[in-house]
2 protein chains.
Amino acid sequence: MERLPGFRDFYPEPLPHKDVWSADARQYIFGKWRDAARRYGFREYDGPPLEPLELFTTKSGDEIVGQLYNFTDKGERAVALRPEMTPTLARMIAAHERAYKKPIKWFAVPQLFRYERQQKGRLREHFQLNADIFGETDVAADAELIALLIDTLRSFGLTAEDFVIRLSSRNAWQEFYERGARNTERRMESEYQFFQVIDKLERTPKEESEQKLVALGFSLTEVNRFIEAGEPTPELKAILGNLLARGLGDFVKVDYHVIRGLAYYTGPVFEAFDRKGEFRAIAGGGRYDNLVKLISGGKVNLPALGFGMGDVVLLELLKARGLLPKFDAAVDVFVLIEDETSRLRSLKLIQDLRAAGLAVEYSLTPAKPDKQFKRAQELKAAHTAKVENDAKVRIRNLNTRAELVSSASDAVKHFV
Amino acid sequence: MERLPGFRDFYPEPLPHKDVWSADARQYIFGKWRDAARRYGFREYDGPPLEPLELFTTKSGDEIVGQLYNFTDKGERAVALRPEMTPTLARMIAAHERAYKKPIKWFAVPQLFRYERQQKGRLREHFQLNADIFGETDVAADAELIALLIDTLRSFGLTAEDFVIRLSSRNAWQEFYERGARNTERRMESEYQFFQVIDKLERTPKEESEQKLVALGFSLTEVNRFIEAGEPTPELKAILGNLLARGLGDFVKVDYHVIRGLAYYTGPVFEAFDRKGEFRAIAGGGRYDNLVKLISGGKVNLPALGFGMGDVVLLELLKARGLLPKFDAAVDVFVLIEDETSRLRSLKLIQDLRAAGLAVEYSLTPAKPDKQFKRAQELKAAHTAKVENDAKVRIRNLNTRAELVSSASDAVKHFV
């Protein structure tokens with residue numbers, strides 16, 4: 001029986017096959033994500049992986065709606081596996097924002113889902129770090145969020161030579177659009193179409209972009225001129241100054257190619273890319289000051305901003321740069337039971353060592369001494385311990401080869 | 001817009017409402033689960049939350065099939081959100097067991113789903129610690145698994161006065177059934193029905209159990225006599241002896257009321273209960289030596305055993321026993337910016353402190369000094385730090401009220 005296409009099995013390392021994923025690498029990534037968020041004072045939240053379909057169709061932009069993993073449940077409800085976290089978060093914030101001091105700084109590590117019929121071999125789920133700030137209009141919040149993004153990536157060993165944050169402004173593009181819009185009657189609709197063209201500019205043939213822009217009343221030349229000028233808005237200047245003060249200036253540049261596909265962004269937007277341009281975006285985000293109002297049906301109005309960072313591109317990048325550590329069983333002590341008469345006393349030793357926080361392995365059933373020792377080595381155990389005939393415990397450090405003999409009651413002390 | 005019935009929102013503490021759940025308590029539980037598994041040498045794995053429906057209908061017993069959260073996806077596949085982890089695990093093991101040395105000791109922390117039309121207010125998802133051992137027939141593996149279960153519960157501060165493992169044997173019940181079975185023609189079918197009656201004995205009116213047992217050719221009297229005798233099988237005796245040697249004898253007792261509902265169990269089975277009998281089972285598991293063969297279509301045959309422990313009953317028990325710690329933002333340093341001319345230098349200090357691993361908060365925008373200090377106290381920050389006019393840093397320990405002044409470059413050293 002096979003797993004569904006586009007889903008992943010996560011196995012402990014060493015991996016048994018190239019088509020499976022590393023549970024150890026996943027936990028390593030999650031751990032770094034959580035630690036960076038903690039250092040920045042972000043608190044963890046989570047919501048349901050399944051939500052009413054309506055939550056996502058309300059205003060997530062046409063692109064995401066076509067990719068929804070949606071169905072009708074046994075109670076005849078239209079539901080969807082979440083394709084992104086922001087609508088759930090906006091719903092949760094709208095429900096209980098009054099209980100929290102502003103700014104609210106929250107993060108989550110959700111699994112997200114999408115279903116596209118066309119694309120074979122493409123993943124239908126991934127994990128994301130989502131970090132968001134609510135209740136602060138000042139760009140100091142944008143800088144704080146981008147600093148978190150930078151330091152999250154740095155915590156994996158990535159440097160300013162490996163990645164850059166391309167900083168842009170939905171506002172700047174909106175003004176550009178409004179200055180140039182010829183057809184005022186269908187402005188809102190074509191504004192979104194215009195943003196979509198900009199979003200895809202770098203991966204679309206020139207002729208196609210030109211054609212689409214002309215249809216909207218623009219030329220590729222004026223668009224390219226605006227991008228190349230790269231004149232930071234006052235907002236972007238303030239963000240850059242803030243990041244510079246933190247010593248993070250090398251990690252960020254203004255780049256108006258970035259505009260973000262989703263409809264709900266309103267202010268500064270940004271994406272993280274590897275410097276060599278080998279991979280898709282590592283992360284992306286920006287301001288979405290109107291979404292909470294929209295999701296809450298006008299009841300709550302809170303400025304907001306956030307980013308998402310997926311596990312798949314990040315893992316590819318870390319692999320390519322040789323930044324993934326070796327994962328193993330991390331056994332602290334392998335208890336050798338060479339004489340079966342000592343098994344019960346050995347079980348007590350194992351219990352005591354584990355109670356002291358040590359990771360302990362042993363042979364569940366009688367096995368030859370050399371086989372047990374070989375297993376200890378395979379597991380890269382740091383030590384072996386053996387209950388001797390006189391009930392003393394012989395401890396051996398497998399790295400230094402140093403040995404010592406301890407009373408059973410004192411054995412734990414030699415490890416902690 | 002509301003979340004779906006039976007699903008949970010997890011918020012940071014302090015909780016804003018009684019209908020939401022604590023993300024902090026959830027992470028606390030997950031952390032303890034992972035740490036106990038690590039000490040016992042179990043490695044983490046995970047599979048897809050969505051699987052082919054067939055994986056669960058193959059042989060999970062009638063009970064679970066009626067509770068499946070299943071639907072047809074856009075590719076016309078019959079799929080289900082996983083109601084339990086064991087079939088996924090058996091599938092993963094069957095696919096790649098040859099790459100791993102035996103015994104295989106694995107754990108996961110999956111979210112599981114069920115859909116029952118009838119029961120209102122009941123949760124449709126929960127999280128579980130799942131721990132399993134593959135490739136070992138000896139009851140030493142059963143004892144190792146039960147020891148892990150005991151020590152996982154103990155790591156929350158629960159003692160032998162709070163919970164007990166009720167140890168039983170599917171084998172013993174099978175023999176009992178075979179000795180007494182009157183109708184040999186439909187033995188397999190009615191054996192499962194018999195197990196279901198035993199499983200529900202304690203929560204079913206006597207008359208109803210009696211009636212059902214008689215229909216199967218048994219009497220309630222003989223069933224109760226077998227339970228009350230509580231004579232441990234040689235297997236159970238060996239498990240008890242093993243746990244006694246570890247000093248865990250107080251945590252376990254033989255109790256033939258336990259039989260486990262699922263069809264696939266084959267040997268020793270067990271459940272963890274609170275001693276006061278206030279809650280449903282905290283955890284349950286046992287041997288299922290035939291499931292891997294079944295799931296793999298006969299290709300792989302590996303003895304197996306495992307348990308599952310849900311987050312909901314555990315959380316209720318920890319709350320009732322006052323064993324949940326206070327969760328707060330755990331801010332190490334709140335940086336006070338009382339003079340806006342020091343903001344940029346303060347940002348550098350914040351960056352340095354965070355780079356050293358400290359959790360740091362500050363006011364994103366100008367705020368009155370007393371308001372900033374109040375916020376530091378609300379966040380239960382351990383220290384405040386302030387960049388002074390001469391670029392020195394004044395550090396204050398909010399618990400001891402001790403103060404010191406440091407150069408900016410040395411400030412980090414006073415915390416780590």
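Ground rules. I note that this is a predicted model, where local features need pLDDT of at least 70 and side-chain atom pairs pLDDT 80 or more, while totals for chains, interfaces and linings use all residues; side-chain values use heavy atoms, without hydrogens and water. Residues are numbered from 1 along each chain as its sequence is written, and chains are lettered from A and ligands numbered from 1 in the order in which they are written.

Entry on the interface. I found 97 residues of chain B in contact with 97 residues of chain A (contact means heavy atoms within 4.5 Å). I put the buried area between them at about 8,400 Å², with 55% from carbon and sulfur atoms; this is the accessible area (1.4 Å probe) that two parts lose on being put together, summed over both. B:M1, B:R43 and B:K74 supply 10% of what chain B buries against chain A, more than any other three residues.

Entry on charges. I counted 14 salt bridges between chain B and chain A, each a side-chain nitrogen of Lys or Arg within 4 Å of a carboxyl oxygen of Asp or Glu. One of them joins B:K101 to A:E378, at 2.6 Å from N to O.

Entry on symmetry. I superposed chain B on chain A by a rotation of 180° with 0.0 Å of shift along the axis, RMSD 0.0 Å (least squares on C-alpha atoms of residues with pLDDT of at least 70 in both). That is the relation of a two-fold axis. Of the residues of chain B, B:F71 comes closest to this axis, its C-alpha at 3.6 Å. I also saw that 100% of the interface residues of chain B are interface residues in chain A, so the copies meet through the same surface.

Entry on a sheet. In chain A I traced an open, antiparallel sheet of 3 strands in the order β4-β6-β5 (strands are DSSP runs of E, at least two residues, numbered from the N terminus; two pair if DSSP finds at least two bridges between them). β4 (50-52) and β5 (69-72) of chain A each have a single partner strand, so one side of each lacks a neighbour in the sheet. β5(A) and β6 (78-81) of chain A pair over 4 bridges, and A:Y69 stands opposite A:L81.
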